[in-house]
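Subject: Structure for you to look at

Hello,

Here is the structure I said I would pass on. Please open it next to this message and follow along.

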Amino acid sequence: MRRLGPSALAIAGVVAIGLPFLLKPFGVYLISMWAVLTIAAIGLNLTLGYAGQVSMAQGAFVGIGAYTVALLTAAGWPFFVAFILGGALCFVIGWLLGYPALRVQHHYLAFVTLAFNTLVFLVLRNEEWLTRGSYGIAGTDRPSLFGFSTDNARAFYFVCLAILVLLSAATWWMMRSPWGRAFVALRENPIRALSLGLDTRRYTLMAFALGSTLGGLAGGLYAPLVQFIEPGSFSLNMSFNLLLMVIVGGSGRFFGPFVGALIAVLLPEWMRIAEGYYLIVYAMLVMVLMVFCPTGVLGLFEKAFRPKKAPPPAPATLKAEVTR
Amino acid sequence: MTAVLEVNNLSKRFGGIVAVDNVSFTVNDGDILGIIGPNGSGKSTLFNCVLGQLLPSDGTVRIDGQESTGMRPCDLNRLGVSRTFQLLQVFPQLSVRDNLILAGQEHQGSMTSRLFGRPDAGLGDAADQMIEFFRLSHLAEEQAGMLSYGQQKLLDAAMAFMAGPRLVLLDEPAGGVNLTMLGLLRERLQAYHAERKATFVVIEHQMEFVMALCTRVLVLAEGRIIAEGAPEEVRRNPAVIEAYLGH
């Protein structure tokens with residue numbers, strides 16, 4: 001896998017740059033959506049895949065980012081200022097949402113974040129003075145770069161792609177730093193991590209805040225891409241979808257979200273012919289994947305290229321000891 | 001001279017159960033103190049109170065004369081108090097080398113400087129030396145989860161030493177380790193003690209291991225200290241024999 005890496009990456013790069021010139025506008029829209037959702041999924045992969053903190057609220061952060069950009073640009077702010085502010089707002093809210101994670105774990109944390117997602121949805125729907133409620137917000141301006149407008153689909157795709165490349169490079173660099181090691185330690189054995197001097201509290205909050213920031217930045221691109229946002233776009237559905245992308249792609253693997261988002265965006269389109277049966281087929285595919293390869297599509301690839309090694313034993317846990 | 005570790009009148013109650021009952025002892029620089037006692041005598045609870053994993057109900061803990069009762073484990077660790085666990089505690093998906101770098105990285109700089117610093121936090125060489133010291137060189141790049149139980153125990157101990165601690169608390173380092181590996185572990189602990197003048201506190205059931213390693217032994221039964229002294233002395237103490245074989 002590692003030896004295949006550089007060439008696979010080069011091919012992916014050529015495809016990502018060349019593809020929009022071959023596709024019709026709707027195809028370009030779909031790959032732009034892929035780029036945007038990949039950013040959100042990278043965020044969730046950071047929180048859930050690397051740091052092991054279950055979050056069912058990533059869709060809410062995409063929503064917060066999207067509404068921030070839509071409202072601020074409508075009020076005349078420049079796009080990139082609104083975009084950064086949306087991310088910053090999500091950093092703060094994500095940090096705050098991390099506090100429950102210091103108390104509860106796993107399923108309980110899933111419920112807490114799920115409740116938060118519902119709360120955000122209700123605020124977006126009911127606070128009409130701010131968000132225009134169920135009517136939604138249409139026609140968010142796309143940014144112009146150095147005097148060039150990115151109103152056409154292909155130009156905006158390249159904006160999304162450039163931001164995806166930038167953010168994934170930053171994430172990759174962070175995961176290589178001692179922080180990356182600390183996040184994995186948080187997932188694998190928080191008690192041991194604490195005894196080795198890791199301030200698990202700060203790293204947990206940071207994992208939530210950074211993951212949420214990426215969600216918010218994805219939202220900042222989602223609004224100008226779709227050109228219409230309403231509260232329903234950011235309900236639990238989107239959070240589940242993002243969760244699916246992370247898990248199907250390969251949770252805790254750097255390129256997992258890229259693959260997962262590709263599947264989650266393209267598969268429904270290819271299966272249009274199956275009409276209503278599409279969800280049944282999709283669900284079955286996911287179940288089969290989870291049964292035979294819980295490490296996702298990338299895990300499947302790794303298995304194929306490195307067949308010898310046995311899976312590591314489950315990490316030992318310390319149930320009797322109390323963490324603080 | 002101030003003691004490295006000073007425990008004063010420490011008690012820990014869980015509801016009506018008194019797990020640790022008014023325990024006091026000191027550990028001086030360079031000591032290897034063994035704590036023995038039957039199952040349920042409060043050894044691990046005592047450890048957890050000293051290490052900040054549990055909050056004691058009463059009493060105080062001092063490290064180098066500085067009160068440390070109620071400090072969080074990560075802050076205590078940065079003061080130079082390190083530990084191993086009774087059950088295996090390594091990070092199975094990280095390589096042996098990364099396990100060791102992780103064990104030292106939080107002692108380097110601030111959180112921000114770690115983000116912008118070198119990927120190995122400048123600890124690559126130190127980790128390799130530690131791997132060499134614990135005879136794990138052939139496994140350096142393996143995932144820790146792939147190692148045998150005994151090798152993981154060695155890694156666990158190595159991690160406790162990575163940050164150059166002042167005081168190391170080892171909770172049943174010999175538990176479940178075969179005799180060959182046990183000999184290596186004991187020999188490495190003694191070598192480390194001789195080289196770095198570190199201070200150890202060891203909880204252990206394996207008597208031979210305790211007798212060979214420790215300079216002083218403390219016996220707990222039902223949460224209280226019933227004997228204290230040189231290993232040979234303690235072994236002959238009728239109260240100790242009674243606690244282990246009695247009832």
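Among contacts in chain A between residues at least 6 apart in sequence, what percentage join residues at least 24 apart? The figure is 77%. Please keep in mind that this is a predicted model.

Chain A as a whole

Chain A has 14 helices and four strands. Its radius of gyration is 20 Å, close to the 20 Å that the globule rule gives for 324 residues, so chain A is as compact as a globular protein of that length. Along the principal axes, the C-alpha atoms of chain A fill a box of roughly 55 × 45 × 40 Å. Of the 324 residues in chain A, 45% are buried.

The contact with chain B

Where chain A touches chain B, 27 residues come from chain A and 35 residues from chain B. On the chain A side, the elements that give two or more residues are α7 (153–176), α8 (178–188), α9 (190–195) and α10 (200–226). The largest share of that side, six residues, is from α8(A). By type, the chain A side divides into 14 nonpolar, five polar and eight charged residues.

Helix α8 of chain A

How many of the 11 residues of α8(A) are buried? The count is 11 of the 11, so α8(A) is largely enclosed by the rest of the structure. Among these buried residues are A:W179, A:F183 and A:L186, and also the charged A:R181, A:R187 and A:E188. What do the buried residues of α8(A) pack against? Within chain A, they pack against α2 (25–50), α7, α9 and α10. From chain B, α3 (96–105) and α4 (111–116) are also packed against them.

A pair of helices in chain A

Next, find helix α4 (residues 79–101) and helix α5 (residues 106–126) of chain A, which pack at an angle of about 145°. Their axes are 9 Å apart, and the crossing of α4(A) and α5(A) is right-handed. Which residues make the contact? From α4(A) they are A:L97, A:P100 and A:A101, while α5(A) provides A:L109, A:V112, A:T113 and A:F116. The residues of this contact divide into six nonpolar, one polar and no charged.

Regards

How values were computed:
Residues are numbered from 1 along each chain as its sequence is written. Chains are lettered from A and ligands numbered from 1 in the order in which they are written. This is a predicted model: local features need pLDDT of at least 70, side-chain atom pairs count only at pLDDT 80 or more; totals for chains, interfaces and linings use all residues. The radius of gyration is taken over C-alpha atoms; the globule rule is 2.2 Å times the number of residues to the power 0.38. A residue is buried if 20 or more other C-beta atoms lie within 10 Å of its own, exposed if 12 or fewer, and partly exposed in between; C-beta atoms are placed from the backbone. Two residues are in contact if their C-beta atoms, placed from the backbone, lie within 7 Å. Axes are lines fitted to C-alpha atoms, for helices over the stretch in contact, and angles run from 0 to 180 degrees between N-to-C directions. A crossing is left-handed if the near helix is turned anticlockwise from the far one by less than a right angle, and right-handed if clockwise.
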